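Biologist: I would like to learn how to read a model like this one. Can we go through it feature by feature?

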Amino acid sequence: MRITAVRQTVYADLMERYENPIEHACDVGVGDEWVSVDGRRPEGLCLAAWSSMREFVEALARGEGNFYDGWMQNPKSAMVSCNDGFRPMSFYLEKIEN
């Protein structure tokens, strides 16, 4: 299973209004990739991001797919976002052959 960080959105207005200033929020960058073996969390993948995608990764690893009756063009894939409300990263999950 390949996991690719494909886009990050930043909500500066929400950060200014609600977030305490922090120096370092996230190590994930657009284009970063990981490979999940047997549906396990790849080393180096953010735990918060993993919690958002785990069920999809595990399902795809079991051979499931076609989530929500045709949501994705590739039925063996999913698009998910991490749960950071200020700077969510979108991840493309796709089943790859070994």
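This is a predicted model: local features need pLDDT of at least 70, side-chain atom pairs count only at pLDDT 80 or more; totals for chains, interfaces and linings use all residues.

Biologist: How many helices and strands does the chain have?

Modeller: Elements are DSSP runs numbered from the N terminus: helices are H or I, at least four residues, and strands are E, at least two. Here there are two helices and four strands. Their order from the N terminus is β-α-β-α-β-β. The C-alpha atoms fill a box of roughly 45 × 30 × 20 Å along the principal axes.

Biologist: What share of the chain is buried?

Modeller: Buried means under 20% relative accessible area, exposed over 50%, and partly exposed in between, with a 1.4 Å probe and protein chains only. In this chain of 98 residues, 33% are buried.

Biologist: What share of the contacts join residues at least 24 apart?

Modeller: A contact is a pair of heavy atoms within 4.5 Å. Take contacts between residues at least 6 apart in sequence: 59% of them join residues at least 24 apart.

Biologist: How many side chains are positive, and how many negative?

Modeller: Lys and Arg count as positive, Asp and Glu as negative; His and the chain ends are not counted. Each charge is placed at NZ of Lys, CZ of Arg, CG of Asp or CD of Glu. The chain has 10 positive and 16 negative side chains, and the centres of the two sets are 5 Å apart.

Biologist: Where is the kink in helix α2 centred?

Modeller: The bend at a residue is the angle between axes fitted to the seven residues ending there and the seven starting there. Helix α2 spans residues 47-61 and has a kink of about 60° centred on M53. M53 is also among the buried residues of α2, along with A49, W50, F56, V57, A59 and L60. Their cover includes β1 (2-8), β3 (77-81) and β4 (89-94). After α2 comes G63, with a positive phi near 95°.

Biologist: Is A5 buried or exposed?

Modeller: A5 counts as buried because its relative accessibility is 2%. A5 sits in strand β1. Beyond four places in sequence, its contacts include V28, V30, W34 and F91.

Biologist: And R2, how far is it from E97 in space?

Modeller: R2 and E97 are 95 residues apart in sequence, yet 9.8 Å apart C-alpha to C-alpha. R2 is in strand β1 as well. At 27% relative accessibility, R2 is partly exposed.

Biologist: What is the phi of D69?

Modeller: D69 has a positive phi near 55°, in a residue other than glycine. D69 lies in the loop between α2 and β3. At 76% relative accessible area, D69 is exposed.

Terms used:
Residues are numbered from 1 along each chain as its sequence is written. Side-chain values use heavy atoms; hydrogens and water are left out.
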